[in-house]
Amino acid sequence: MRGCCPLDCQDTCSWVAHVEEGRVVRVEGAKDHPFTRGALCAKVNDYEQRVYAPDRLLHPLRRSGPKGSGEFDRISWDEALDFIASGFLAIIDESGAEAILPLNYLGSMGVVQRRALMRIFHALGASRLHGSICGAAGNVLAEEGHPRGFDPEEIVHSRLVLLWGANLLSTSHHHWHFVDRARRQSGARIVCIDPIRTRTARACDEHVMLKPGSDAVLAAGIAHVLFAEELADVAFARSAVVDLDAFREQVVPWTPERVSAVCGVEADVVVRLAREYGAAHPATIRCGIAPQQTRAGESFVRALAALAIVGGHWRHRGGGLFIEANPVLSEASAARPDLLPRETRSLDMARLGEQLTSIALEPPIRALMVWNHNPAVTQPDSVRVREGLAREDLLTVVVEHFLTDTARYADVVLPSTTQLEHFDIVGAWGHHYISLNEPAVPPQGEALSHGEIMRRLAPRLGLDHPAFRESDEEIAETALPDGIGLSTLRENGWYKTTPPPPAFGDGSARLTIAGEVPLPASAPAGDMLQLLTPKSHYFLNSSFANMGRQRTAMKRPTLEMHAADAAMRGLLDAEEVEIANERAAIRAWLRITEDICPGVVALAGKWWGDAEGNPVANLLTASAWSPGGQPAYNDTFVRINSVQPPAFARPSLDGSFSSTA
Ligand SMILES: Nc1nc2c(c(=O)[nH]1)N[C@H]1C(S)=C(S)[C@@H](COP(=O)(O)OP(=O)(O)OC[C@H]3O[C@@H](n4cnc5c(=O)[nH]c(N)nc54)[C@H](O)[C@@H]3O)O[C@H]1N2
Ligand SMILES: Nc1nc2c(c(=O)[nH]1)N[C@H]1C(S)=C(S)[C@@H](COP(=O)(O)OP(=O)(O)OC[C@H]3O[C@@H](n4cnc5c(=O)[nH]c(N)nc54)[C@H](O)[C@@H]3O)O[C@H]1N2
Ligand code: SF4
Ligand SMILES: [Mo]
């Protein structure tokens with residue numbers, strides 16, 4: 001059966017599910033899909049294991065113990081939905097519908113799984129949601145009109161690819177294929193700019209190791225050389241932006257020597273990079289997500305957008321800046337915002353901890369329905385998020401596949417179908433294909449698709465608009481562009497849409513590229529190190545952290561540290577360490593390496609609190625955002641201490657400490 005991967009990944013692969021005697025026995029990447037090219041990734045190539053996992057949620061649950069304890073009793077769907085409906089209606093009566101928050105993210109990118117339930121909350125007049133806990137900084141630039149991508153298959157025409165804080169071989173290896181083809185076909189050079197020598201960095205022609213957060217300075221240095229050596233495409237830049245002179249002024253002080261002192265990159269490397277970047281026609285900057293995740297996220301993206309414009313690379317096919325690409329799909333309309341009874345407030349989804357604990361919010365949030373999201377692990381400042389989720393007066397419903405850290409705080413847990421059990425269509429944020437997903441097997445246990453949950457819950461809330469009677473296929477169809485129906489998608493299992501190419505540089509200059517050149521965040525104390533929390537090879541954010549194979553492959557929570565930093569602290573390879581700051585303390589095993597920038601430590605993988613050492617990285621991150629709302633996960637500094645039994649402090653799930661000494 002033809003389907004596709006629903007996960008929050010730029011590759012959105014198409015797959016074929018092989019069914020024998022009513023069970024999926026294997027999923028394999030669609031061989032005829034131009035982007036998937038027959039391969040899934042190390043996370044997903046046994047997705048059927050997720051369907052039949054022993055810890056899969058298969059029926060509704062109602063809390064029987066304290067919040068967060070994970071103690072539940074099995075209940076029926078009727079009991080669960082009646083309980084939710086009466087709870088919501090009582091809250092609407094007392095505080096108004098805006099006291100209810102539908103909290104969802106990208107656990108599944110399917111149109112039905114993501115949007116169907118929103119129809120209910122729109123019709124009720126509940127609070128809406130905006131913002132992002134991923135790449136909000138890039139979104140800010142896009143809202144200003146900056147193009148942030150093109151058809152990634154065209155990257156094969158590029159002559160120089162700068163993978164700027166992007167770890168493609170782990171996070172989107174189908175994209176790597178096209179980058180590597182540029183190298184094999186036309187001798188393109190591939191340079192990785194990353195504080196860590198990642199799997200991807202090792203596969204590139206060059207790895208430039210820089211201090212985290214110093215990227216805007218490096219970009220300013222490159223621009224400085226482009227202007228100084230007359231390598232800038234001034235005519236193109238002038239036709240695209242309104243502030244070229246201000247930008248040129250801004251980079252004048254950033255000589256290669258000054259850049260070198262800030263970034264830790266040799267001055268002659270800065271000069272050489274700039275010369276290569278000026279000479280390549282075209283060059284592409286492939287901008288990743290992690291470097292956006294600082295208080296200066298927007299300045300980082302603006303600096304890269306500026307380089308692409310000043311270099312004139314957008315003139316050529318396969319050149320410019322690539323952050324993301326989307327097919328033509330009107331996903332939001334499947335959520336039926338037209339059902340809103342009135343203008344309602346919209347809350348920033350990246351500030352959940354603040355919103356659940358703030359006394360200023362009027363009305364306060366009294367009910368949450370969570371789907372496709374594990375905020376207790378993935379939102380910044382999870383100490384505060386968990387404090388909010390633990391509120392006795394908060395009615396929390398979590399729709400999930402598994403009893404995640406978040407689901408443990410729920411009053412009611414509802415079991416969701418997985419991608420092999422429901423119909424859906426999926427857009428993409430890394431290419432231009434709309435993908436079809438046909439169910440391969442019926443729902444397991446009592447799991448329901450989000451469309452079906454909508455159809456059963458809506459009448460209990462007194463909602464009887466025809467939108468609440470639509471089938472999952474009809475819900476999906478609402479998002480499709482004119483002229484494309486499900487029958488079109490069924491021909492191949494996908495359909496490539498081609499959005500118009502970025503229109504700028506046509507003389508109607510309107511963009512801005514000047515701004516500040518932020519310096520990297522500095523440690524609050526001399527003995528503290530900067531904590532990075534990059535994506536892991538085998539987990540998809542916190543998804544799969546409970547799955548046996550993926551967890552075995554990850555071995556154990558591992559903190560990477562430079563040998564010089566370890567020596568200074570007398571720490572030994574493979575020993576257990578405490579990672580602590582004023583917020584919390586978690587534990588991991590040390591890996592001493594030369595492959596990370598000194599002064600920096602990295603904990604890959606969004607582990608759940610049930611892993612040994614409670615290695616939930618976001619217990620350490622602050623409630624801090626860029627001006628555009630980008631969570632600043634990377635602006636986190638920690639102390640690393642050896643764990644000397646028996647005198648170690650072990651944080652509980654809510655971040656408080658209990659001494660085991
Ligand atoms: N295997 C796997 N794949 C995934 C995911 C996953 O969890 N696991 N998650 C998916 C999601 S939601 C996303 S957003 C994408 C993210 O995809 P990527 O952006 O490729 O992944 P990240 O690990 O967030 O960051 C990439 C690199 O940025 C580096 N970096 C960190 N700080 C800085 C900095 O200040 N400057 C520079 N230049 N580099 C820096 C990190 O060391 C890391 O190697 O991946 C998607 N794909
Ligand atoms: N410190 C730190 N924090 C980060 C990041 C970081 O790099 N460092 N990365 C950030 C980024 S880039 C992102 S995108 C976010 C990701 O944050 P989240 O969106 O919370 O990502 P996941 O951890 O994958 O959680 C998604 C949940 O959705 C569930 N799910 C999947 N499919 C379905 C479905 O069909 N139905 C239902 N009901 N549930 C489903 C999964 O089981 C999983 O528990 O995290 C952010 N947080
Ligand atoms: S996670 Fe990404 S690479 Fe892996 S199967 Fe899904 S879409 Fe493909
Ligand atoms: Mo993300």
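Colleague: How many residue pairs are in polar contact between domain 1 and domain 3?

Modeller: This is a predicted model, so local features need pLDDT of at least 70 and side-chain atom pairs pLDDT 80 or more, while totals for chains, interfaces and linings use all residues. Residues are numbered from 1 along each chain as written, chains are lettered from A and ligands numbered from 1 in written order, and side-chain values use heavy atoms, without hydrogens and water. A polar contact is a pair of N or O atoms within 3.5 Å; within protein, one must be able to donate a hydrogen and the other to accept it, and residues adjacent in sequence count only if both atoms are side-chain atoms. With both residues at pLDDT 80 or more, the count between domain 1 and domain 3 is 16.

Colleague: Which side chains meet in a salt bridge?

Modeller: The rule wants a side-chain nitrogen of Lys or Arg within 4 Å of a carboxyl oxygen of Asp or Glu. It finds one across the interface of domain 1 and domain 3. At 2.7 Å, N to O, the pair is Asp 46 and Arg 549.

Colleague: Why does ligand 2 lie between two domains, and which are they?

Modeller: Bounds come from an automatic or database domain assignment. Both domains give residues to the shell around ligand 2, so it lies between domain 1 (2-133 + 328-496) and domain 3 (529-659).

Colleague: Which side chain has a polar atom 2.9 Å from an oxygen atom of ligand 2?

Modeller: For His 450, a side-chain N or O atom is 3.0 Å from a ligand nitrogen. Asn 372 also faces a ligand nitrogen, at 3.2 Å. The 2.9 Å approach to an oxygen atom belongs to Gln 113.
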